[in-house]
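This briefing is meant for a reader meeting the structure for the first time. Please look over the sequence and the model before reading on.

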Amino acid sequence: MAARKTRWAWLVGTWFGAGLLKPGPGTYGAVAATLLWALAAHVWGGVGLAVGTGLAAAAVTAIGIPAAGIVARESGREDPGFVVVDEVAGQWIALIGVRADWEHALLALALFRLFDIWKPWPVRLLERLPEGTGIMLDDVAAGVLALGVGLVLARWV
């Protein structure tokens with residue numbers, strides 16, 4: 001780990017410590033995002049939840065790009081596993097428009113983790129972008145794939 005740490009970037013990058021949990025820090029980040037979404041689902045429903053989830057995903061992506069880049073530089077790693085803000089953004093994208101119940105939330109979680117780990121085209125291609133952009137955008141793409149497949153599957157689930 002780095003001797004000098006930019007506090008805000010490490011807090012955001014590790015999603016307030018979720019990325020420091022083992023094993024599978026990415027899964028902890030995605031689960032944390034799902035739990036926050038479930039909390040929001042109790043307050044808003046329908047279109048309000050979908051719009052709020054989309055706005056939250058966009059905001060986390062925007063702040064996550066510089067945060068992930070700073071943490072990567074300060075840790076001396078290209079794509080540190082403990083940076084999970086990308087999983088938060090991708091998971092929230094996967095949850096946009098999902099029915100506010102546990103069955104559909106778990107489906108979105110499983111699909112997002114599948115695409116995030118598997119990294120099919122174009123996810124793997126985006127991973128090659130520099131620094132925080134590549135760290136974040138491959139998970140954004142995995143979230144978009146999970147959202148598309150999840151909305152199709154939700155017609156039968």
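Which residues are linked in a network of salt bridges? In this predicted model, the network is made up of Glu87, Arg113, Asp116, Lys119, Arg124, Glu127 and Asp138, and the structure holds eight salt bridges.

**Salt bridges**
- Arginine 113 and glutamate 87 meet through their side chains at 3.8 Å, N to O, and this pair links helix α5 with helix α4 across 26 residues of sequence.
- Arginine 113 is buried at 14% relative accessible area, and glutamate 87 is also buried, at 8%.
- Lysine 119, which counts as buried at 13% relative accessibility, forms a salt bridge with glutamate 127, their closest N and O atoms being 4.0 Å apart, and glutamate 127 is partly exposed at 26%.
- Lysine 119 also meets aspartate 138 in a salt bridge of 2.8 Å, N to O; because aspartate 138 lies in helix α7 and lysine 119 in the loop between α5 and α6, the pair ties together parts 19 residues apart in sequence.

**Nonpolar core**
- The largest nonpolar core has 44 residues, and those with the most contacts inside it include Trp15, Trp37 and Val60.
- Helix α3 gives the most to this core, with eight residues.
- Beyond its neighbours within four places in sequence, tryptophan 15 is in contact with residues including Ala32, Val60, Val85 and Trp92.

**Helix α2**
- The 19 residues of helix α2 should span 27 Å at 1.5 Å a residue, which agrees with the 28 Å between its end C-alpha atoms.
- Among the buried residues of α2 are Gly26, Gly29 and Trp37, and what covers the buried residues of this helix includes α3, α4 and α5.

How values were computed
Residues numbered from 1 in each chain as written. Predicted model: local features only at pLDDT ≥ 70, side-chain atom pairs only at ≥ 80, totals over all residues. Heavy atoms only, no water. Helix = DSSP H or I, 4+ residues; strand = E, 2+ residues; numbered from the N terminus. Expected span 1.5 Å × (residues − 1). Buried < 20%, exposed > 50% of the residue type's maximum accessible area, 1.4 Å probe, protein only. Contact = heavy atoms within 4.5 Å. Core = buried A, V, L, I, M, F, W, Y, C linked by side-chain atoms within 4.5 Å.
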